[in-house]
Amino acid sequence: MTIRRDSSNLLRAITPELTRNIQTGCSLNCEQFKTKVMNDIVGTMFSKTFMDELLKPQQLYSHRTMKTVLTRLAHTSIMRLNPASMDRLYELMIMAFKYQVFLCPRPKDLLLISYNHIDTIREFVKDTPVVLNQVDETHRKIIEVYSSLSEGEFQLLRQTLLIFFQDMHVRVSLFLKNQVQNPNGRFALSTSGPVPHGIDVPGLIRTFDCKGREVSRAEFPTGGCYTSPIREGSFLLHGDRVSTLGLNMYTVNHLEETHTSKTPTVKQADNTPNLLAKEELNLLARLMGSMKAENTPKAETVFRINLFNTDREEEEEQARASGGAGESSYEVINIQAMQDEQAATELALIAGQFAEGERQENQESNKGDDLLAMMDDL
């Protein structure tokens, strides 16, 4: 009993310390695992051979090719993803980048998005000098290749990316929750916020004469609440990018910081009455006799159709009830609905044929009943 009690006390004493050591070891292993995976993927993606091939002038990749490249990049490490997880990861990456390209104020700001991507990757591998040097070298190449492009070339590049994204409408729960994406998968873009750098706030029309002097000003409604542009971000290797586009879009803070995603555009209901539709409904109501004669235009001819003689008697009763003041405000067209002798004869013949057919069917059915009765007797 004493030995058992001492063993229990010893086990109870060493259990907390053992648990702490196991947790510390697991934490170290998890951190080492994440670091190794990140270094392997980034090192392969920013390798000189791969980036030289990627920066060559070439046609835009298809979604299938792009997914294949990203799958191989992800599997360069010890991490493995099944096809379903890889498909979902690809869709999330595509929708996040599509949203960032949509919100890009200027075509040239595509570089700021890429630089924010690279800055974030640089932070991931800051403790691995070899991989960090690869990231910096790739950043320099991108600056060298793209900094000399004109505004028109950047616009063409942005348009090409939007064409690549146009058929992708994957719904992302976080985007739906923050109301930056509609249930149909399309993004809700705002018409308010700061204008791009170097652009004046819209709403003012200025007129100049032939000598370049301003002669008049006029304002017009813009349909949004625009503010002055914020300062331009840095396009250097290191610096303040200003824009939050290109940062992690799956954090709520960055979604709120994005100026153009605060208030998604909601199409306002058009309360302007449709005069044509109103006139069509009035015409239908007049034809059905549910509108009063005084509601109709005076220039429009109003008529009434009498199909039976009793209608005239009803009109006379109404005239006597109203005191007989004035003549009727509409023309009455009398149609004789009585059948003439020839029409009555033809209808009688047709009805007789139907009656004869019914009698024949009854006879056939009676024969069947008789046959069933005979079989029952047997």
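Reader: At what angle do α3 and α4 pack, and how far apart are their axes?

Author: In this predicted model, helix α3 (residues 63-74) and α4 pack at an angle of about 110°. Their axes are 11 Å apart.

Reader: Why are α3 and α4 called roughly perpendicular?

Author: Angles from 65 to 115 degrees count as roughly perpendicular. The angle here is about 110°. Therefore α3 and α4 are roughly perpendicular to each other. Their crossing is right-handed.

Reader: Which residues of α3 and α4 meet?

Author: From α3 come His 63, Met 66, Lys 67, Leu 70, Thr 71 and Ala 74. From α4 come Met 86, Asp 87, Tyr 90 and Met 93. By class, that contact of α3 with α4 holds six nonpolar, two polar and two charged residues.

Reader: Which residues make the contact of α4 with α5?

Author: Phe 97, Gln 100 and Val 101 in α4 meet Leu 110, Ile 113 and His 117 in α5. The contact of α4 with α5 has four nonpolar and two polar residues, and no charged ones.

Reader: Why are α5 and α6 described as roughly antiparallel?

Author: The axes of α5 and helix α6 (residues 129-146) cross at roughly 170°. Over 145 degrees counts as roughly antiparallel. Therefore α5 and α6 are roughly antiparallel to each other. Their axes come within 10 Å. On the α5 side, the contact includes Leu 111, Tyr 115, Ile 118 and Arg 122. On the α6 side, it includes Leu 132, Val 135, His 139 and Tyr 146. The residues of the α5 contact with α6 divide into nine nonpolar, one polar and three charged.

Reader: Which residues touch the most other members of the largest nonpolar core?

Author: They are Ile 94, Met 95, Tyr 99, Val 101, Leu 110, Phe 165 and Phe 175. The core has 23 residues. Two or more residues each come from α4 (83-102), α5 (110-124), α7 (151-165) and α8 (173-177). The largest share, six residues, is from α4. A second, separate core has 14 residues, among them Phe 46, Leu 111, Leu 112 and Leu 132.

Reader: How do you know whether Arg 158 is buried or exposed?

Author: Its relative accessibility is 15%. Buried means under 20%. So Arg 158 counts as buried. Arg 158 is in helix α7. Leaving out residues up to four places away in sequence, Arg 158 touches Val 101, Phe 102, Cys 104, Pro 107 and Leu 110.

Reader: Why does Gln 179 count as exposed?

Author: Exposed means over 50% relative accessible area. Gln 179 has 54% relative accessibility, so Gln 179 counts as exposed.

Reader: What makes Val 242 partly exposed?

Author: Its relative accessible area is 22%. Buried needs under 20%, and exposed needs over 50%. The value lies in between, so Val 242 is partly exposed. Val 242 lies in the loop between β4 (226-227) and α9 (252-257). Phi of Val 242 is near 65°, also a positive value in a residue other than glycine.

Reader: How many helices and strands does the protein chain have?

Author: The chain has twelve helices and six strands. Of its 378 residues, 21% are buried.

Key:
Residues numbered from 1 in each chain as written. Predicted model: local features only at pLDDT ≥ 70, side-chain atom pairs only at ≥ 80, totals over all residues. Heavy atoms only, no water. Core = buried A, V, L, I, M, F, W, Y, C linked by side-chain atoms within 4.5 Å. Buried < 20%, exposed > 50% of the residue type's maximum accessible area, 1.4 Å probe, protein only. Helix = DSSP H or I, 4+ residues; strand = E, 2+ residues; numbered from the N terminus. Axes fitted to C-alpha atoms, helices over the stretch in contact; angles between N-to-C directions. Parallel < 35°, antiparallel > 145°, perpendicular 65-115°, else oblique. Left-handed = near helix turned anticlockwise from the far one by under 90°. Contact = heavy atoms within 4.5 Å. Nonpolar A, V, L, I, M, F, W, Y, C, P; charged D, E, K, R; others polar.
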